[in-house]
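Please read it with the model open.

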Amino acid sequence: MDIYVLRAIAGELSDELVGGRVRKIVQPGRRSLLLVLDCPGRKTRNLILSADPAYPRIHLTAKNIPSPAEPPDFCRSLRNHLIGAEITRISVGERERVVQITLEKPGAGKAGGWYALMAEIMGRWSNIVLVNARGGEIIDSIRQVSEAQSRKRPLLRGAKYQLPPEQKKTRPEEIGEREFLQKISADRPGVEDPGVDDPEENPAVLSRWLVRSFAGLSPVVAAEIAARAETLRSEEDRSRAVWTEFSGVIDELRKENFRPCVLLGPDGTPSGLSALESKSRPPAGYMKYVTMNEAADFFFDTVVSPAEFGGERERASREVARHAARAKKTLEAVERDLLGSRSAEEERLKGEILLENLTGVPEKASVFHAERGGGRIEIELDPRFSVSENAQRFFRRYKKLRRQSVVAEERRKGIEEKVRFLEGLLYELEEAESPGDLEAVRGALAQGGFMSREARSDDKKPSRRGRRQAADSGAARPWRRFDAPEGWQIFVGKSALGNDALMRRVGRAGDLWFHAQGVPGSHVILRTPVGAAEEAASEEAVLQAASLAAYHSNARRSGRVEVACVPFQRVRRPRGAPPGRVLISGQRTIAASPDEGSALMEALEEAE
């Protein structure tokens with residue numbers, strides 16, 4: 001978003017949102033916010049703000065974005081100050097890419113006040129900052145910037161807010177024709193570029209010169225000026241043609257004669273936003289919009305949302321993999337302890353041999369050799385103690401090692417369970433297709449007792465309410481339901497939380513439960529028709545449910561998958577276990593085909 005796109009958006013936001021009140025605030029990602037506003041005329045508007053370094057933005061959106069189970073600290077801070085506040089003004093700086101939303105919250109003391117929400121749309125320096133509008137102090141920001149990170153402009157709680165410094169370039173609206181022609185002649189754009197025969201005739205080189213030379217001139221605007229000039233200039237007066245188009249475009253933008261459009265690449269996919277009508281492109285090279293906000297919403301939803309989703313999925317994968325690596329390292333240490341504890345029986349045997357040879361061991365001996373089981377055993381002794389005391393020392397070591405063995409074995413089981421749970425989440429992330437899927441993984445991670453780096457920095461654990469919300473987050477219904485032959489229904493969990501929800505809210509006595517053996521995957525429940533016994537399940541319905549369990553597992557690329565099938569009443573959720581963890585008994589095994597499960601996903605109709 002360049003300064004001109006921001007001006008167009010800010011103008012539209014001022015018309016739409018001034019007088020509106022903040023009803024809801026959501027922070028769906030690390031660097032993004034959604035404000036739900038009740039506006040004049042009983043209109044509800046969704047305003048999205050993002051400080052993502054690759055795709056910073058602010059615009060109205062038609063999308064409804066789900067709220068995370070446990071809001072981050074910045075979101076909680078905004079809710080404390082801005083819920084119920086009225087937007088009184090929206091403005092954008094002349095040259096700084098900063099949109100200021102001024103809000104007034106009625107009430108006395110901390111309950112009310114004046115605030116400024118600053119959306120800094122500046123590439124990798126982007127930020128969202130909440131400021132006390134009366135005193136100018138920073139209340140909070142979505143990204144804290146320390147003095148070590150930026151000496152010139154730290155952004156810390158309690159510090160005075162300062163606007164970003166202006167670019168040290170010529171302002172395009174303040175240069176005249178004579179000065180422009182002198183500048184373009186003196187700079188000779190592109191002369192340093194190798195391989196360019198006549199740089200003044202190259203629009204790409206001219207575009208780069210315009211960006212380097214003038215403040216606030218984005219590559220999109222510069223490319224449009226260069227392309228228009230290319231169609232006008234002649235051999236006799238090239239520089240004057242550039243000035244004509246430069247001054248015309250700048251005057252058009254200065255008067256805010258905005259013509260919102262989405263630029264299209266050679267393959268027809270959106271490639272950028274512009275507040276200018278693209279006169280240099282064919283009609284198929286851009287899409288016109290009535291408002292800049294509509295253009296931005298389409299562009300970011302089409303181009304950025306998939307890219308952002310990929311980045312969020314990658315970050316979530318790294319987080320889960322980090323927890324898994326730590327759990328595996330702990331497991332290795334526990335297994336080493338177990339290996340050491342296996343010498344317990346040897347310690348007991350040495351103690352028994354000493355008691356059997358109380359009179360045969362020389363006084364103050366440091367070693368004793370005995371025959372046992374056809375082999376020779378060497379027993380090291382402490383000369384300071386009697387034979388009996390040495391024997392008791394071996395028995396004490398035996399008991400200690402036995403206790404360690406029991407504890408280590410229990411601990412190993414718990415850690416192995418955690419590793420399986422985390423590997424299951426990694427599988428879920430591989431299969432994730434929407435932000436809701438990522439939120440379900442984050443919720444499961446929190447419910448499973450694993451704290452993210454951001455949560456650790458806050459030094460806060462999820463509240464009981466947050467854990468309860470996490471259990472059902474990620475989707476309105478965290479499972480799929482299909483209608484099978486003869487009135488049967490098949491339920492498939494979408495995630496670890498979905499599997500857990502199936503256990504808590506769907507399964508009942510008489511249903512059949514399915515899961516691929518030994519690999520992460522979805523729980524599947526075959527619902528008994530009313531009045532039918534579990535033995536009445538047709539073989540076709542059972543095979544369909546087993547095939548869906550095979551398909552929704554990490555073994556879906558195998559030819560055949562062993563699937564456990566057990567009556568639901570024999571499935572138990574262990575107390576304190578991570579989401580989706582169950583214990584079963586009395587199961588039978590079905591060899592199912594993931595390919596058949598894939599075909600069923602297309603053939604069966606998913607019920608609402």
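**Notes on the model**

1. Cysteine 261 has lysine 288 as its bridge partner in S12. Strands here are DSSP runs of E of at least two residues, helices are runs of H or I of at least four residues, and both are numbered from the N terminus. The model is predicted, so local features need pLDDT of at least 70 and side-chain atom pairs count only at pLDDT 80 or more, while totals for chains, interfaces and linings use all residues. Residues are numbered from 1 along each chain as its sequence is written, and side-chain values use heavy atoms, with hydrogens and water left out.

2. Two strands count as paired if DSSP finds at least two bridges between them. The open sheet holds 3 strands in the order S11-S10-S12, with antiparallel pairing. Its edge strands, each pairing on one side only, are S11 (270–274) and S12 (286–288). From one strand to the next the twist averages 25°; axes are lines fitted to C-alpha atoms, for helices over the stretch in contact, and angles run from 0 to 180 degrees between N-to-C directions.

3. Is cysteine 261 buried or exposed? Cysteine 261 counts as buried because its relative accessibility is 1%. Buried means under 20% relative accessible area, exposed means over 50%, and partly exposed lies in between (1.4 Å probe, protein chains only). Cysteine 565, at 3% relative accessibility, is also buried. How many disulfides does a search of the whole structure find? The search finds 0, a disulfide being a pair of cysteine sulfur atoms within 2.5 Å.

4. A further open sheet has 6 strands in the order S15-S16-S18-S17-S19-S22, and the pairing is antiparallel. Strands S15 (479–483) and S22 (588–592) are its edges, each pairing on one side only. Within the sheet, S16 (residues 489–493) and S18 (residues 524–527) run antiparallel and are joined by 4 bridges; glutamine 489 has arginine 527 of S18 as bridge partner. Helix H13 (residues 496–506) lies across S15, S16, S17 (512–516) and S18, at about 135° to S16.

5. The largest nonpolar core has 69 residues, of which Leu47, Leu49, Ile58, Leu117 and Phe246 touch the most other members. A nonpolar core is a set of buried Ala, Val, Leu, Ile, Met, Phe, Trp, Tyr and Cys residues joined through side-chain atoms within 4.5 Å. Helix H1 (residues 3–17) gives the most to this core, with 9 residues. A second, separate core of 25 residues includes Ile490, Ala549, Ile590 and Ala592.

6. Neighbours within four places in sequence aside, phenylalanine 246 is in contact (heavy atoms within 4.5 Å) with Pro172, Ile175, Phe180, Leu210, Phe214, Leu217 and Ile225.

7. Arginine 23 sits in strand S1 (residues 21–29) and is partly exposed, at 43% relative accessibility. Isoleucine 83 is 60 residues away from arginine 23 in sequence, yet the C-alpha atoms are 5.8 Å apart. With neighbours within four places set aside, the contacts of arginine 23 are Val36, Leu37, Asp38, Thr44 and Ile83.

8. For the overall picture, the protein has 15 helices and 22 strands, and 47% of its 608 residues are buried. Of the contacts with a separation of 6 or more, 59% are between residues 24 or more positions apart.
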